[in-house]
Amino acid sequence: MTINELQIKLSDSLKDYGWYPLLKSFILSDDFQQIIKTLYNQSQANEHFTPVIKDLFNMFKECKYSDLKVIIIDTEPNATVNASTGLAWSTRINTPQTYTLFNTLDPKITPINNLKHWANQGVLLLNSSLTTTINKKHAHLELWKPFTGYLLEMLNTYNSGLIYVFVGEHTKQYHSLISTNNYKFFIPELPDKIRDWNCKFVFDNINKLLFKQYGETISWT
């Protein structure tokens, strides 16, 4: 499969989820082609990346555009091989991050790795860098800047009243793309091992806003 054919396939894969009109132009652009070429060249040089291409847009497929209410933006996927699902904070293996997250939200519940149930309720679990080199953090932060910037600018243009959660220092650079007719929260990066992560009651506050707007909330646990 050529890179151009892959671009078309990735773009078409979003048609059933409402994201196609918003993202088609960028996915079929030279800028996105350069991203794919870079990933291919690194892989050929034995610098494999995660998640795999087929999982690249899972966050869009699990969160339909018509359901979108909340965007959680973290830095990058888990760099462990076979861990990333294509959704921020969501992994296939038991990781300290997931345990920390769920124990913070509710210490009584059993930790769950896959956060599809958040996405299915309208939470876009976005990494500002959709990929990273396996076992190497921050490898693709610059690579994905054009895509992330485009996505957030499009969301800001066509949507209002969305809730954005910027996680960690790196993602703060994108907050200026979001206008004041949306809501913004800023929280520290989710730690690897520290259990007393301070999420500043963001999840409770998100639900208060959602209930005010829609009369419903997100079930986080």
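Helices (H or I, at least four residues) and strands (E, at least two) are DSSP runs, numbered from the N terminus. This is a predicted model, in which local features need pLDDT of at least 70, side-chain atom pairs count only at pLDDT 80 or more, and totals for chains, interfaces and linings use all residues. Residues are numbered from 1 along each chain as its sequence is written, and side-chain values use heavy atoms, with hydrogens and water left out.

Figure 1. From the N terminus, the order of elements is α-α-α-β-α-β-α-α-β-β-α-β-β-α. The protein has 221 residues, and 51% of them are buried. Buried means under 20% relative accessible area, exposed over 50%, and partly exposed in between (1.4 Å probe, protein chains only). Contact means heavy atoms within 4.5 Å. Of the contacts with a separation of 6 or more, 65% join residues 24 or more positions apart.

**Figure 2. The largest cavity is lined in part by strand β3.** The structure holds 1 cavity of 30 Å³ or more. On a 1 Å grid over the protein atoms alone, a cavity is a set of points where a 1.4 Å probe fits but cannot get out; lining residues have an atom within 4 Å of a point. Grid points are joined across faces, edges and corners, and a volume is the space filled by probe spheres set on the points. Strand β3 (residues 123–127) gives the largest share, 3 residues. By class, the lining has 6 nonpolar, 3 polar and no charged residues. Ala, Val, Leu, Ile, Met, Phe, Trp, Tyr, Cys and Pro count as nonpolar; Asp, Glu, Lys and Arg count as charged; the others, Gly among them, count as polar.

**Figure 3. Helix α2 crosses helix α7.** Two packed helices are described by the angle between their axes and the distance between the axes. Here the axes of α2 (residues 20–27) and α7 (residues 145–158) come within 10 Å and cross at roughly 145 degrees. Axes are lines fitted to C-alpha atoms, for helices over the stretch in contact, and angles run from 0 to 180 degrees between N-to-C directions. From α2, the contact uses L22, L23, S25 and F26; from α7, it uses P146, F147, Y150, L151, M154, L155 and Y158. These divide into 10 nonpolar, 1 polar and no charged residues.

**Figure 4. L23 sits in helix α2.** L23 is buried because its relative accessible area is 0%. Leaving aside neighbours within four places in sequence, L23 touches L14, F60, F147, Y150 and L151. L23 and M154 are 131 residues apart along the chain, yet their C-alpha atoms are separated by 8.4 Å.

**Figure 5. F49 belongs to strand β1.** This strand covers residues 49–50. F49 counts as buried because its relative accessible area is 15%. Beyond its neighbours within four places in sequence, F49 is in contact with L39, S43, T131, T132, T133, I134 and H140. V81 is 32 residues from F49 along the chain, and 8.4 Å separates their C-alpha atoms.

**Figure 6. S160 lies in the loop between α7 and β5 (163–167).** S160 counts as partly exposed because its relative accessibility is 48%. Not counting residues up to four places away in sequence, S160 touches N181 and N182. S179 is 19 residues from S160 in sequence and 8.5 Å away in space, C-alpha to C-alpha.

How values were computed: 1 Å grid on protein atoms, 1.4 Å probe; cavity = no way out; pocket = protein on both sides within 12 Å on 5 of 7 lines; lining within 4 Å.
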